[in-house]
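Here is a short report on salt bridges and nonpolar cores. Start with the charged pairs, then turn to the cores.

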Amino acid sequence: MSLSSRLLDSEWLKYAYETNWLERQLKPIRTNAERLYQQYYDDEKHCFNTDYEALYSEGNFAGSALILTRTWDEEEETRPIKVAIELDSPELVLEIMGLEGLTQCSEDNYLAIAAAHDLRDIFNLLLLHPDINVNDGYEPKMENREEYDFCINYNDFVYFSPRLWLIEDQYSFLYPYLDIFWNDPVTDHNGSPLIVHLYNKRDFDSMSRLASLKADINPDVYEEDIGLFDKALNEWRDSDPETQLGVKWFAQQTDYINQNGDDLDDLLSEHFEGKVPKSIGYLFPFCRIKELENELSELQEVTENLTYEFESVDKLINELAPNHDRWRYREQSTGTSIINDLLRLKIVKLEDGVIDIQFSITDMGIEFGVLYERQAFLSRILVPKVVLDKVLSLDLGLLHHMTVFQRQGTLLGCSTHLYLVLNIIAEDQGLPLFRSIKGHRVAHIERQNIISNILAGGVNDTDNFFEHLNFELNEYKNLKSFLGDLEVLNSLSTSDDSKALAEYRRDGNDPELTIELADRGQSRAIQVHCNIDGEKATFSHAIEEGVPIEDWADILFKKPISIACKQCKAIGYRHSFVNEEECMECINP
């Protein structure tokens with residue numbers, strides 16, 4: 001494959017840049033220079049024995065480059081690399097770069113010259129040089145205008161910028177390595193930035209690439225004295241989709257804030273003096289949001305009026321029929337079973353004996369029915385409206401207007417705090433319901449007492465497992481106290497009771513617990529090491545692959561460290577009980 005063909009291959013160009021291909025080519029050129037000089041220079045005549053044109057015509061690029069560089073007359077027009085570019089010879093350019101590098105000329109830029117001559121292979125070759133100037137442009141002499149009129153990058157200013165090609169996707173891998181001034185005019189010191197030229201060409205893909213490079217997407221348009229966004233708005237015609245493309249592109253850049261601090265919202269309102277046409281406004285999210293906000297404001301006003309009317313009606317009813325509430329019909333939906341879904345989604349683990357759980361929506365709250373083995377009727381548990389409002393943020397009115405399937409989906413997809421509240425209320429009524437709840441390992445009073453007892457002793461927990469457990473313990477206590485303050489619970493469980501419970505500590509020698517995460521080849525386990533009265537015990541909980549590590553706490557309840565005495569029901573450490581059943585106080589009354 002020829003050098004030109006390789007340079008036109010974008011994948012090879014990326015490979016050449018990343019592997020420093022150019023430097024490997026230039027090094028032997030520099031090494032071979034002295035040999036070539038001795039071959040072609042006649043010491044007696046003090047001149048070269050041939051000229052570069054002859055060697056170039058023979059395909060001897062190394063010799064031609066040597067003579068061209070050594071015989072240069074210091075004129076800009078005959079600068080060796082310029083001659084090589086105009087000859088459309090990437091091989092000659094390569095040889096000259098090896099001999100003299102890329103010493104910049106005083107007026108022009110080699111990369112821009114290659115672009116002006118539409119020489120993509122030489123353009124790509126020059127890009128591989130670390131000293132290449134990617135920002136300066138090139139303005140050809142006016143007498144050559146006819147030649148440049150046929151070039152693809154010709155513009156009104158007869159000025160060529162490398163950025164007109166560098167914005168193409170094939171050069172995007174170079175952006176992190178090149179300091180490209182995207183916001184500078186592409187026509188020397190006057191004119192518009194590149195994004196304006198891309199807009200005129202309707203090249204919106206390249207404009208989006210420029211926007212991702214943090215270029216200013218709303219610069220001033222040269223000689224029009226307006227911003228590019230205003231230009232796009234001026235061109236909009238409802239009857240011509242082609243004229244709408246610019247505004248539609250800007251509508252995708254709604255997170256843009258220009259250098260003056262004005263966002264598109266301000267620019268749009270200013271352009272239309274606050275009255276944005278619907279045909280344009282519907283494209284911009286902030287316009288739709290404002291329209292919705294106005295509609296919402298109107299609806300809120302209507303709602304406030306209706307609320308006032310309803311309050312007036314209720315007041316009149318109370319005056320005419322003070323006892324009407326006694327006969328008020330309670331709106332209620334039919335019961336729906338959710339026990340299978342709760343187990344399928346692993347939201348809860350049930351206590352023994354629970355065979356069904358149903359729910360129903362009433363105007364008093366969410367009513368649950370629990371059916372136990374050897375029980376003919378469901379036991380009723382109500383999560384009242386005040387708890388739904390203040391604890392769970394569930395809209396009872398919205399639930400009333402849902403279908404059965406929507407209600408079921410809402411209860412299964414909402415926060416598991418609902419089931420923690422349900423378990424606390426059930427426990428308050430003497431109904432065992434959930435042994436554990438997803439995300440709430442402390443879900444009932446027995447676990448609260450056990451964890452409180454354990455945390456009261458010395459715990460060596462380098463992996464901070466108990467930190468999460470302590471958080472859930474406090475969450476359970478606070479929630480139970482809050483429900484007590486709302487007078488939802490029958491038994492007294494207020495904030496004062498929580499403080500008293502927090503002060504409870506077991507008398508006697510507290511155990512030392514060490515909690516650690518142990519690796520067992522491809523599996524892991526939580527190990528609990530105990531030292532009680534000189535006797536050591538270790539419990540282990542294997543962590544299955546894919547199971548959250550937080551589930552380790554079940555070890556404290558599957559093989560509990562603390563249990564209740566069978567006689568007095570006092571909570572104590574299992575190892576200190578006689579036969580792991582009765583406490584010493586009951587054995588020795």
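E367 and R380 join their side chains in a salt bridge, at 2.4 Å from N to O. A salt bridge here puts a side-chain nitrogen of Lys or Arg within 4 Å of a carboxyl oxygen of Asp or Glu. E367 sits in strand β10 (residues 365-372) and R380 in strand β11 (residues 379-384), 13 residues apart. Strands (E, at least two residues) and helices (H or I, at least four) are DSSP runs, numbered from the N terminus.

E367 is buried at 17% relative accessible area. R380 is partly exposed at 45%. Buried means under 20%, exposed over 50%, partly exposed in between (1.4 Å probe, protein chains only).

## Basis of the values

The model is predicted: local features need pLDDT of at least 70, side-chain atom pairs count only at pLDDT 80 or more, and totals for chains, interfaces and linings use all residues. Residues are numbered from 1 along each chain as its sequence is written, and side-chain values use heavy atoms, leaving out hydrogens and water.

## Other salt bridges

The structure holds 8 salt bridges. One of them pairs R120 with E168, at 3.0 Å from N to O. R120 lies in helix α9 (residues 120-127) and E168 in the loop between α11 (163-166) and β3 (185-187), so the pair ties together parts 48 residues apart in sequence.

R202, K231 and E235 form a salt-bridge network.

## Nonpolar cores

The largest nonpolar core has 79 residues; M97 and L126 touch the most other members. Such a core is a set of buried Ala, Val, Leu, Ile, Met, Phe, Trp, Tyr and Cys residues joined through side-chain atoms within 4.5 Å. Helix α8 (residues 110-116) gives the largest share, 7 residues.
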